[in-house]
Amino acid sequence: MFANSCTVVLDLVPHCSSSPREAWSGDDDLRPLSDEGTRQAEVLGHVFSEGVDAVYSSPSLRCRQSVAPLAAVAGVPVVADDRLREARGFAEPAAWTEGVFALVGPSLGGAWAAGRAVGALVEIAARHDGGHAVACSHGDAIPATLAYLSAAHDCALPRIVSRGAWYRLRVERGRLTMTGMRPSGPA
């Protein structure tokens with residue numbers, strides 16, 4: 001998966017606290033951060049003040065807003081990557097989550113969402129070998145992605161983090177370790 005020669009730090013950020021889904025009537029991709037989420041994003045901008053080579057994000061507004069302060073401090077753009085999108089209730093791929101597959105649909109959908117995000121992370125790692133990249137995604141896609149990576153690389157799952165925190169994926173010559181992080185240090 002990750003190249004055996006690859007050495008990179010990938011920080012996987014769940015988007016910061018957003019406006020409640022139940023109170024939002026528009027396109028969910030346009031649902032913004034809450035006031036608390038905006039504060040969390042500003043803190044992340046200070047925590048990652050140096051050494052970030054690239055910032056990637058789901059195209060959803062709340063994800064882009066979560067890493068915008070960080071990207072501004074690092075002096076890099078936020079690059080939208082559709083593979084970092086929300087898992088949408090693990091309903092993909094539709095043909096494999098209905099009929100005879102209905103009982104295992106969410107599991108298949110989780111595998112699909114994880115595979116999509118892992119594909120993005122592997123490409124990001126290759127692009128930034130020797131560096132440090134940040135990717136922002138969603139609270140449903142990230143756990144599926146971490147579980148997939150944990151199994152594929154035979155490494156421990158990190159501690160669960162809350163909004164305003166992140167997961168540090170360190171790849172050293174293809175070997176992966178994952179750590180839950182918060183602004184004050186490891187979770």
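Is Val78 buried, partly exposed or exposed? Val78 is partly exposed, with a relative accessible area of 30%; here buried means under 20% relative accessible area, exposed means over 50% and partly exposed lies in between, using a 1.4 Å probe and protein chains only. Before the views, a word on the model: it is predicted, local features need pLDDT of at least 70, side-chain atom pairs count only at pLDDT 80 or more, and totals for chains, interfaces and linings use all residues. Residues are numbered from 1 along each chain as its sequence is written, and side-chain values use heavy atoms, with hydrogens and water left out.

**View 1. Val78 and the residues around it.**
Val78 is found in strand β3. Helices (H or I, at least four residues) and strands (E, at least two) are DSSP runs, numbered from the N terminus. Not counting residues up to four places away in sequence, Val78 touches Val55, Ser57, Arg64, Val67, Ala68 and Ala71, where contact means heavy atoms within 4.5 Å. Val134 is 56 residues from Val78 along the chain, and their C-alpha atoms are separated by 9.5 Å.

**View 2. The largest nonpolar core.**
A nonpolar core is a set of buried Ala, Val, Leu, Ile, Met, Phe, Trp, Tyr and Cys residues joined through side-chain atoms within 4.5 Å. The largest one here has 26 residues, and Leu10, Leu12, Leu121, Leu149 and Leu169 are those with the most contacts inside it. Two or more residues of this core come from each of β1 (7-14), β2 (54-57), α3 (105-127), β4 (132-137), α4 (141-153), β5 (166-172) and β6 (175-182). Helix α3 gives the largest share, five residues. A second, separate core has 17 residues, including Cys63, Val67, Leu70 and Ala71. In soluble globular proteins, nonpolar side chains tend to be buried together.

**View 3. Leu169 and its partners.**
Set aside the neighbours of Leu169 within four places in sequence, and its contacts are Val8, Val9, Leu10, Leu12, Leu121, Leu146, Leu149, Leu176, Thr177 and Met178.

Look for Phe2 in the segment before β1. Phe2 counts as buried, at 4% relative accessibility. Beyond residues up to four places away in sequence, Phe2 touches Leu10, Leu121, Val122, Ala125, Leu149, His153, Val171 and Gly174. Phe2 and Glu172 are 170 residues apart along the chain, with their C-alpha atoms separated by 9.4 Å.

**View 4. Helices α1 and α2.**
Helix α1 (residues 35-47) packs with helix α2 (residues 61-74) at an angle of about 30°, and their axes are 7 Å apart. Axes are lines fitted to C-alpha atoms, for helices over the stretch in contact, and angles run from 0 to 180 degrees between N-to-C directions. The two helices α1 and α2 are therefore roughly parallel to each other; angles under 35 degrees count as roughly parallel, over 145 as roughly antiparallel, 65 to 115 as roughly perpendicular and the rest as oblique. On the α1 side, Ala41, Glu42, Leu44 and Gly45 meet Gln65, Ser66, Pro69, Leu70 and Val73 in α2. Sorted by class, this contact of α1 with α2 has five nonpolar, three polar and one charged residues. Ala, Val, Leu, Ile, Met, Phe, Trp, Tyr, Cys and Pro count as nonpolar, Asp, Glu, Lys and Arg as charged, and the others, Gly among them, as polar.

**View 5. Helices α3 and α4.**
Helices α3 and α4 pack at an angle of about 75°, their axes 8 Å apart. They are therefore roughly perpendicular to each other. Gly110, Ala113, Ala114, Ala117, Val118 and Leu121 of α3 make the contact with Ala144, Thr145, Tyr148 and Leu149 of α4. Eight residues of the contact of α3 with α4 are nonpolar, two are polar and none is charged.

**View 6. Ala113 in helix α3.**
Ala113 is found in helix α3 and counts as buried, at 1% relative accessibility. Leaving out residues up to four places away in sequence, Ala113 touches Ala87, Phe90 and Thr145.

**View 7. Two loop residues with positive phi.**
Asp154 is not a glycine, yet its phi is positive, about 50°. You will find Asp154 in the loop between α4 and β5, where it is exposed, with a relative accessible area of 74%. Arg173, in the loop between β5 and β6, also has a positive phi of about 50° although it is not a glycine. Arg173 is exposed, with a relative accessible area of 62%.
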